[in-house]
Amino acid sequence: MTEDSSELNAIELATELTIAWLNNGNNRVAAEDVPAFLQTMHATVLGLASGTSEPEEAAPQQDHVPAVSVRKSLASKDHIISMIDGKPYKTLRRHLSGHGLTPETYRERYGLRPDYPMVAETYSQSRRDMAKRIGLGRKARTTEGAGDAADDAGDAPRRRGRRPKAAE
């Protein structure tokens, strides 16, 4: 294979890989970023084809561009829009764990305040109402005198087996 044909194949392969990457709906890229990505892809393909690995430069901290603004992410009470992919979620925890993030790292990545919610307001309210209906968060009710009888009954061992016959 000549160097010209391998260069042409590298360009074609880099172009196909870039097109496939851009067709992925999870990748939101501005049009001005595409040429830089294509060049990076081409250099990578050439490096892999030649078998020589160039020492990688210190990878700069990847700047994460939010898919939506903070205001838009919290615009609805029914859901929170993820800044990663721009999709609505009732709760972000499972979505974040799928991306290898914790709520703290998500807030740090996008410069959010520490009290930025991870759960939609209406979902949180419905969970709170359900917990109240089933009695969570309340101390057990005690009535006067009932506690003493319960304590006395608790001291005696419980009998097992058949009942004794009544005296005739």
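Predicted model: local features only at pLDDT ≥ 70, side-chain atom pairs only at ≥ 80, totals over all residues.
How many residues does H6 have, and how far does H6 reach from its first C-alpha to its last? H6 has 13 residues and reaches 18 Å, close to the 18 Å expected at 1.5 Å a residue. The expected span, by the way, is 1.5 Å times one less than the number of residues in the helix. We'll come back to H6.

Okay, some ground rules. Residues are numbered from 1 along each chain as its sequence is written, and side-chain values use heavy atoms, with hydrogens and water left out.

Now the overview. The chain has seven helices and two strands, and the order along the sequence is α-α-α-β-β-α-α-α-α. Of the 168 residues, 17% count as buried. When I say buried, I mean under 20% relative accessible area; exposed is over 50%, and partly exposed is in between, with a 1.4 Å probe and protein chains only. The chain exposes about 14,200 Å², and carbon and sulfur atoms supply 52% of that. Those areas come from the Shrake-Rupley method with a 1.4 Å probe, and for residues only the protein chains shown count as cover. As for contacts, meaning heavy atoms within 4.5 Å, take the ones between residues at least 6 apart in sequence: 44% of them join residues at least 24 apart.

Thr18 is in helix H1, residues 3-23, and Thr18 is buried, with a relative accessible area of 4%. What does Thr18 touch, not counting residues up to four places away in sequence? The list is Val34, Phe37, Leu38 and Met41. Met41 belongs to H2, where Met41, His42, Val45 and Gly47 are buried. H2 itself covers residues 34-50, and its 17 residues should span 24 Å at 1.5 Å a residue; the end C-alpha atoms are 24 Å apart, so that agrees.

On to the core. A nonpolar core is a set of buried Ala, Val, Leu, Ile, Met, Phe, Trp, Tyr and Cys residues joined through side-chain atoms within 4.5 Å. The largest one has 14 residues, and Leu92, Leu96, Tyr106 and Tyr116 touch the most other members. I'll pick out two of these.

Leu92 sits in the loop between strand S2 (88-89) and helix H4 (93-98). Is Leu92 buried or exposed? Leu92 is buried, at a relative accessible area of 0%. Leaving aside neighbours within four places in sequence, Leu92 contacts Ile80, Ser82, Tyr106, Tyr116, Pro117 and Met118.

From Tyr106 to Arg93 the C-alpha distance is 10.0 Å, for 13 residues in sequence.

Next, charges. I'm calling it a salt bridge when a side-chain nitrogen of Lys or Arg is within 4 Å of a carboxyl oxygen of Asp or Glu. By this rule there are two salt bridges. One pairs Lys77 with Glu121, and the closest N and O atoms are 3.9 Å apart. That pair links distant parts of the chain, 44 residues apart: Lys77 is in the loop between helix H3 (70-73) and strand S1 (80-81), while Glu121 is in helix H6. Then there's Asp115 with Arg113, at 2.9 Å between the closest N and O atoms. Asp115 counts as exposed at 52% relative accessibility, and Arg113 as exposed at 57%.

Back to H6, as promised. Helix H6 covers residues 121-133 and holds Met130, which is partly exposed at 36% relative accessible area. Met130, Ile134 and Leu136 make a nonpolar surface patch of about 310 Å². Patches use residues with over 30% relative accessible area and no salt bridge; like charges are joined within 9 Å, and nonpolar side chains (Val, Leu, Ile, Met, Phe, Trp, Tyr) within 5 Å. Just after H6, Gly135 takes a positive phi of about 90 degrees.

Definitions and conventions. Helix = DSSP H or I, 4+ residues; strand = E, 2+ residues; numbered from the N terminus.
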